[in-house]
Structure formats: C-alpha cells, structure tokens
Amino acid sequence: TRKESSAASDVYKRQLFADILSQNSIESVWVSNVVGSHYQRVIEEWWLKHAENTHVEFVSSKKTLCGISISYPVPENYGIDRLLSLIAIRQLTTNTFCSIDCGTAITVDLVDSKGIHQGGQILPGWPLFPKLLEDNTLGCAMQTKENDLSFDLSNSTEAAMRNAASTAIVAYLNDIMTRIAQTQTDPVDFYLTGGDANMFQPYLNRAAVVDPYLVLKGLLVCRV
C-alpha cells in the first residue's frame, strides 16, 4: 500500500542518514525537497535527534536565485529541483539554454542568455506512464525496465503500453527541442538530466549535454 511504501521509504532515509553520519563529521545539510512537508519533518526530526548541532537548510524557490530569474507569477510554485538544474547549467554557459529533466516527470525549461526563465512544460515521465493506465484501466499492468525502449507495435498489453510510452516520450522530446531551436533568435544549448536522461539521449535528433547530477550541482552553488 502507499502507507507501507511511505513507511519503508522513511526507514531507508533514516538508515541512509545514519550511515552518512557514522562516516563523516557533518556541519550542515542542504536539501532540495519536492515530495512535501512530511519528508521535510522526517529529515529535520532525525538530524535534530542524532546531530542537534548540524544545520539543516531547505532551499526554496525564489523570484531570483543564483543568477536565474523565474517567470512564474508565484515563484514559490516553481519546483526547486527544476530551479537548481537551471542554476547549475548557468554556471556552464551564458548562452540561451534548455534544461530537460527526465525523471518521474519530464520537465522542459528555457532560459535566455540573461538568465531569465522563458517558460516550460511538464508531462509524465517514464515511470508514470504505466501508473496512469494501471490506476484507471482494469487489467493493465506494466513492469518498466531500464534501457528497454522499443517503438514497435506489439501483441501483448504490457509491451504495447511500454512501447507506446517510449514512442510518446521520444516524439515529444524531439518535437519540443526542434520547436525551441527554431523559435529562438540565438542558438540554444540543450542539457539533459534526471535518472532516465541516458536512456533517452540516444534517440534524440539534436545534440544535448547529459549530466544526471545537475540538481545536486545547483544545490552546491546555492550552498557556496
């Protein structure tokens, strides 16, 4: 159940913190949290109990942060993971760039050469496609497998779902990258991040720098 899954996740996080603390002297902990206040409390309570002198800082989205200006009317509604990726890329280029995060969700964000966010898009990522059908369609179940992309027609429900997800995501990525490149006056640098970045990169029609750790690198920039 979701409750059991959440409890197991909490246990894992606490064990992870314990392993880190046992091997290192920690003065401060910087966190990018996109899964809600529950996990923020889990983290804060654990560190307070086991290392009360450790400073825990949760980075939040702001109108302007580390050279990036967000276009959202309410900047706090802009995902901090997305913002941290933009901050990390900004350290690598002063050109117009597009950040594509291929994770649980796929996020696409365009930033101009001045560091001003021009807008973005969000759609379900590879892990969410089967869940949408499983939750709303009787008899549909799919086990996603890393690097198992196919675009063929299929004679089984599972493969049909998997191949359709692959086709939809790759088609979307190629379309959005082409449209962004064609509508910008200046050349656009493309960056891929997230857990599935390496899986989709070979199927893209445009060159893109792949770095799965942009969120953590952006967090480091904020830390400094």
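Trainee: What percentage of the residues of the protein chain count as buried?

Mentor: Good place to start, and keep in mind that this is a predicted model. A residue counts as buried when its relative accessible area is under 20%. Among the 224 residues of the protein chain, the share that counts as buried is 39%.

Trainee: How do helix H3 and helix H7 lie to each other?

Mentor: Look at residues 80-90 for H3 and residues 214-223 for H7; their axes come within 7 Å and cross at roughly 75 degrees. Angles of 65 to 115 degrees fall in one class, and therefore H3 and H7 are roughly perpendicular.

Trainee: How many of the residues in the contact of H3 with H7 are nonpolar?

Mentor: On the H3 side, the contact includes Leu84, Ile87 and Ile89, while H7 brings residues including Leu214, Val215 and Leu219. Two residues of the contact are polar and two are charged. The nonpolar ones number nine.

Trainee: Which strands stand at the edges of the open sheet of five strands?

Mentor: Follow the order, S7-S6-S5-S8-S9, in which the pairing is mixed. An edge strand has a single partner, so one side of it is left without a neighbour in the sheet. That describes strand S7 (117-124) and strand S9 (209-210).

Trainee: Which residue in S9 is the bridge partner of Leu192?

Mentor: Strand S8 covers residues 188-193, and its pairing with S9 is parallel, over two bridges. The partner of Leu192 in S9 is Val210.

Terms used. Residues are numbered from 1 along each chain as its sequence is written. This is a predicted model: local features need pLDDT of at least 70, side-chain atom pairs count only at pLDDT 80 or more; totals for chains, interfaces and linings use all residues. Side-chain values use heavy atoms; hydrogens and water are left out. Buried means under 20% relative accessible area, exposed over 50%, partly exposed in between (1.4 Å probe, protein chains only). Axes are lines fitted to C-alpha atoms, for helices over the stretch in contact, and angles run from 0 to 180 degrees between N-to-C directions. Helices (H or I, at least four residues) and strands (E, at least two) are DSSP runs, numbered from the N terminus. Angles under 35 degrees count as roughly parallel, over 145 as roughly antiparallel, 65 to 115 as roughly perpendicular and the rest as oblique. Contact means heavy atoms within 4.5 Å. Ala, Val, Leu, Ile, Met, Phe, Trp, Tyr, Cys and Pro count as nonpolar, Asp, Glu, Lys and Arg as charged, and the others, Gly among them, as polar. Two strands pair if DSSP finds at least two bridges between them.
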